[in-house]
Amino acid sequence: MSEQDPKDILEGVNPAPPEVQSGERVEIKAEEASPGGEGTAGTAGNVPDVPFRDSADQLSALPDIPRVLPVLPVRDVVIFNYMLLPLFVGRKSSTQAVDAALSGNRYLLILTQKDESVEHPKAQDLHRIGTVVTVMRMLKMPDERMKVLVQGISRARAVEITDNGGYLEAVTELTPELAEHPDGLEVEAMMRAARSLSEKILGMRGLGNPEISALLAGVDHPGRLADIIASNLRLKISEFQEILETLDPIRRLELVNRHLGKEEELASIQVKIQDSAREGMNKAQRDYYLREQIRAIRGILGDNNTEGGDLDELREALDKAKLPPDIRKEADKQLKRLGGMHGDSSESSVLRTYLEWLADLPWSKFSRDVLDIKKAKDILNEDHYGLDKVKDRILEFLSVRKLNPGSKGPILCFVGPPGVGKTSLGRSIARAMGRKFFRMSLGGMHDEAEIRGHRRTYVGAMPGRIIQARKQAGTRNPLLMLDEVDKIGADFRGDPSSALLEVLDPEQNFSFTDHYINLPFDLSRVMFICTANTLDTIPGPLRDRMEVISLSGYTMQEKIAIARRYLAPRQVEENGLKKKDLRPLDDRVLELLVREYTREAGLRNLEREIGSICRKLARKKAEGVAPPFVVDEDAAHALLGAPRFLDEELDAVLQPGVALGLAWTPVGGEILHIEASIMPGKGAVILTGQLGEVMKESAQAAISYARGHAGALGIPPDFTEKYDIHIHVPAGATPKDGPSAGVTLATALISALGGVPVAADLCMTGEITLRGNILPVGGIKEKILAAVGRGLKNVVIPRQNDKDLEDIPEELRGQIRIHFASVLQDVLNLAFPDVMKRKKRRKTA
């Protein structure tokens, strides 16, 4: 029901109010209708308290109403008998209808539109039952609209609606209220129920008044009671129209009672909502009053006057953090404890720091993911040259995230030598996704508390590095890079790699609990990317949680392209030079830097050498030498000094007993000079060069193979009885181990025993069995890169490693000839081509 003065709901109003009779201007308060619209009502209307008459008396008592009346279509209102209602009239046809009524006997037939959006309604757009009204007052507006005050007189049916040229008019048939109705108990009960519900609803809304009961009790006809109550309900237009069209007063009262029941339920819910809001407001006011009293008491006691302000700031910070309900409950508990402590106590300081950490953590802040695959591809290509397979895997990962944002996804681990772009790849992924990037180095970490944090009982306790990283990132879903995950240590303080198992497990990290915070924190929205130089030192359970992506290294052409596009421009800028001060470095100069001044799989030393050139040129510019500078090969030698690595280190002809092997290291591939020497003795075997257990066993297998095949190899079968064997791998200060040196050890041994040198441009890798079979090994790309970098022309790899050639670029394969070997004899045919040809000719002869 409308929230207005209760007296206005039922209080009688004369057909012509005093202000209308006085001839003064009437201020009609109403909401503005849309331009040209009608039917917007102001106050819900007053019902005149005129005596009720039966059907015949009512018709005779009504003034002479013409059978044909002007029609006023209205949009959003339905008028009942005796309602007094202000209306806006703006449509030209409607203003003409009002003018026609005023020029005659002031009667109009008001019909409600079926569709409010129709601007120029026709007969078919109007309901056929409406209300005959009398126009009591009209006021013209400056914009040619009208304000009219009308009062309902009688229901009427539009028998026929026609267009009179400028407005609609209808042949009407009055449908006066029927006075006769059953006087039974059922009707009386319905009327009492309607009165009771009306009073109850008004009471819920604070509009209850004893006068209302008397006014409602004074209406003894069910139809009129239904109209009075219906005119003040909050209903849809279709529901109002249904009540208007219900001519039977008993059925009309039943319909109104149903709406009253619904209105009572809505009013009850509204009261509950208001009571709940009022209780919350009263509690806040009470808490504020009590806090002010506490502040005053502390001031009297001489305590720190800022203590209360600190608590208010903490409470405000916790409100802004939007903590989850269970976290906020614990925070409020600790805040209450802090409020009861003295500000100078040590526990107070610890508790305040703890609450500040809770307020600073990003409990509800997210970065919006930008999963534009094309844009991500452009960013990766812009930031990195080559690495096509790595980029494809990253784009696949982002595509899955785009199609299934809720997917947990794998934990990526970039494995490769230093300087190949592992960390910069993580930055590019974060930039492509629009996430915050934070790098955390785990190298040398020994304490488990670095991951899980310290318990608050310890002096100087702090959260772990994971929680600290989340705070510094400022969002719940940053990209967190765990660098050097292969260099985590362990001692009596715990094993950090074991603590990482929970962090990197999507099935567990949604409730990661830091010892300091001691509350569950969701890490499932964080994107973790790890980096490592080798997988050997990563514990198995931790490695099992990660998807490994290998970044082997760069070819000569890739290094030159990267140096030209990225490294040289960056070093020019960082060393204070302008782009025009240094002419672009020629590819021959860059190749010289790679070949003679660096020997690595990555690019760090190459960038250092370019930076060294730029620093020396910056000094020349500062001393007054005018740019631009041109750096050719001679200038590069002059600026950088003597070359650090020379191709001449490779002998043109190897001595017997020397073979070149290939090894994989965390910093890329390496060339190994394996030497074997025999001397008179009694079969002793000497192994030097800090060889590991695996390489020692490979050497023993090579000796056994040589003994078993001495006749076929053309070596003395009793060499183990007459000679001592010494196998050495130079650079003795460097430990060496691995399962890929067996082929090279056997070749060097056979070369020494037979006195035949190995081809100088041949290198090899692979493990052997006692029967001479060659087993596959790893790190093929890194090893071939090392061979090409040292200028070797032939390489032997196990036949089962032919699948690894897919990772080697075509231009790299064009610089070296790759031979496959299944047994050791295949290697010997390549290592001793002249000897094998002679043996073959003798066998044929």
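## Close-ups of helices in a predicted model

**View 1. Helices α11 and α12 cross in a left-handed way.** Helices here are DSSP runs of H or I with at least four residues, strands are E runs of at least two, and both are numbered from the N terminus. This is a predicted model, in which local features need pLDDT of at least 70 and side-chain atom pairs count only at pLDDT 80 or more, while totals for chains, interfaces and linings use all residues. Residues are numbered from 1 along each chain as its sequence is written, and side-chain values use heavy atoms, leaving out hydrogens and water.

Look for α11 at residues 325–339 and α12 at residues 346–360: their axes come within 10 Å and cross at roughly 150°. Axes are lines fitted to C-alpha atoms, for helices over the stretch in contact, and angles run from 0 to 180 degrees between N-to-C directions. The pair is therefore roughly antiparallel (over 145 degrees; under 35 is roughly parallel, 65 to 115 roughly perpendicular, the rest oblique). In α11 the contact (heavy atoms within 4.5 Å) involves E330, A331, Q334, L335, R337 and L338, and in α12 it involves E347, S348, L351, R352, Y354, L355 and L358.

**View 2. Helices α13 and α15 meet in a right-handed crossing.** Here α13 (residues 373–383) packs against α15 (residues 422–433) at about 150°, with the axes 9 Å apart. These two helices are therefore roughly antiparallel. From α13 come A376, I379, L380, E382 and D383, and from α15 come L425, S428, R431 and A432.

**View 3. Helix α14 spans residues 388–403.** Its 16 residues reach 23 Å from first C-alpha to last, close to the expected 22 Å (1.5 Å times one less than the number of residues). Which residues of α14 are buried? They are V390, K391, R393, I394, L395, F397, L398 and R401; buried means under 20% relative accessible area, exposed over 50% and partly exposed in between, with a 1.4 Å probe and protein chains only. Their cover includes α13, α15 and the strands β7, β12 and β13.

**View 4. Helix α27 is largely enclosed by the rest of the structure, because 12 of its 13 residues are buried.** Among them are G742, V743, L749 and L753.

Conventions: A crossing is left-handed if the near helix is turned anticlockwise from the far one by less than a right angle, and right-handed if clockwise.
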